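Thanks for coming, everyone. I have one structure to walk through today. Please have a look at it before I start.

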Amino acid sequence: MPLALEPNKKLPIVLDSDMQKPVESRPVFFFPSVSNRKYTELQEEIDACWAHPTATEICEAVCAMLSKHCQGWKNMGQFDFGVADFMDLLTHQESQQLLRKYLANQHVSLEEKKSSE
């Protein structure tokens, strides 16, 4: 079934650096699926992030975008979803990786997904 037919489905995304952690304690971010139309909208948002003149503004824009689209997370220690700021939570490389994985619908495999729900 195409992912676009399940618009409320939250897809788990795991950073590469966390993939070796045990599934039950692995940090997981949840994002919606990305249709072709949504992909083009997101790419425009990303382009706007990179158009900022300073590194600080770029980082803030990327983290604001992640905050806007992320639907939840788990196994994030003391960081509560909806309270914690991505600026304090992720490195620049991690925020870029999370954004790329979201844009590419690069969620974890079926086996990993079952154990992360």
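How many aromatic pairs does the structure hold? Five. Keep in mind that this is a predicted model.

Let me take one of those pairs, Trp73 with Phe86. A pair of aromatic rings is described by the distance of the centres and the angle of the planes. Here the ring centres are 5.5 Å apart. The planes stand at 85°, over the 60 degrees that the edge-to-face class requires. So Trp73 and Phe86 make an edge-to-face pair.

Where do the two partners sit? Trp73 is in strand E3, and Phe86 is in helix H3, residues 86–89. They are 13 residues apart, and the pair links distant parts of the chain. Are they buried or exposed? Both Trp73 and Phe86 are buried.

Now let me step back to the whole chain. The protein has five helices and three strands. Along the sequence, the pattern reads β-β-α-α-β-α-α-α. There are 117 residues in the protein, and 38% of them are buried. Next, the contacts between residues at least 6 apart in sequence. Of these, 65% join residues at least 24 apart.

On to the sheet. What is the order of the strands? The order is E1-E2-E3, in an open sheet of three strands with antiparallel pairing. Strand E1, 11–13, and strand E3, 72–74, are the edge strands. Each of them pairs on one side only. From one strand to the next, the twist averages 30°.

Look at E2 and E3 in particular. Strand E2 covers residues 28–31. Its antiparallel pairing with E3 runs over three bridges. Find Phe30 there: Gly72 in E3 stands opposite.

Next, two helices. Two packed helices are described by the angle between their axes and the distance between the axes. Helix H1 spans residues 36–50, and helix H2 spans residues 55–69. Their axes come within 8 Å and cross at roughly 155°. That angle is over 145 degrees, so H1 is roughly antiparallel to H2.

Which residues make the contact? On H1, they are Lys38, Leu42, Glu45, Ile46, Cys49 and Trp50. On H2, they are Ile58, Ala61, Val62, Met65, Lys68 and His69.

Is Asp18 buried or exposed? Its relative accessibility is 9%, under the 20% cut-off, so Asp18 counts as buried. What does Asp18 touch, leaving aside neighbours within four places in sequence? Arg26 and Pro27.

The last stop is Asn75, in the loop between E3 and H3. Most residues other than glycine have a negative phi. Asn75 has a positive one, near 60°. At 33% relative accessibility, Asn75 counts as partly exposed, because that value falls between the 20% and 50% cut-offs.

That is the tour. Questions are welcome.

Terms used. Residues numbered from 1 in each chain as written. Predicted model: local features only at pLDDT ≥ 70, side-chain atom pairs only at ≥ 80, totals over all residues. Heavy atoms only, no water. Axes fitted to C-alpha atoms, helices over the stretch in contact; angles between N-to-C directions. Helix = DSSP H or I, 4+ residues; strand = E, 2+ residues; numbered from the N terminus. Parallel < 35°, antiparallel > 145°, perpendicular 65-115°, else oblique. Contact = heavy atoms within 4.5 Å. Pairing = 2+ DSSP bridges. Phe/Tyr/Trp six-rings, centres within 6.5 Å; stacked < 30°, edge-to-face > 60°. Buried < 20%, exposed > 50% of the residue type's maximum accessible area, 1.4 Å probe, protein only.
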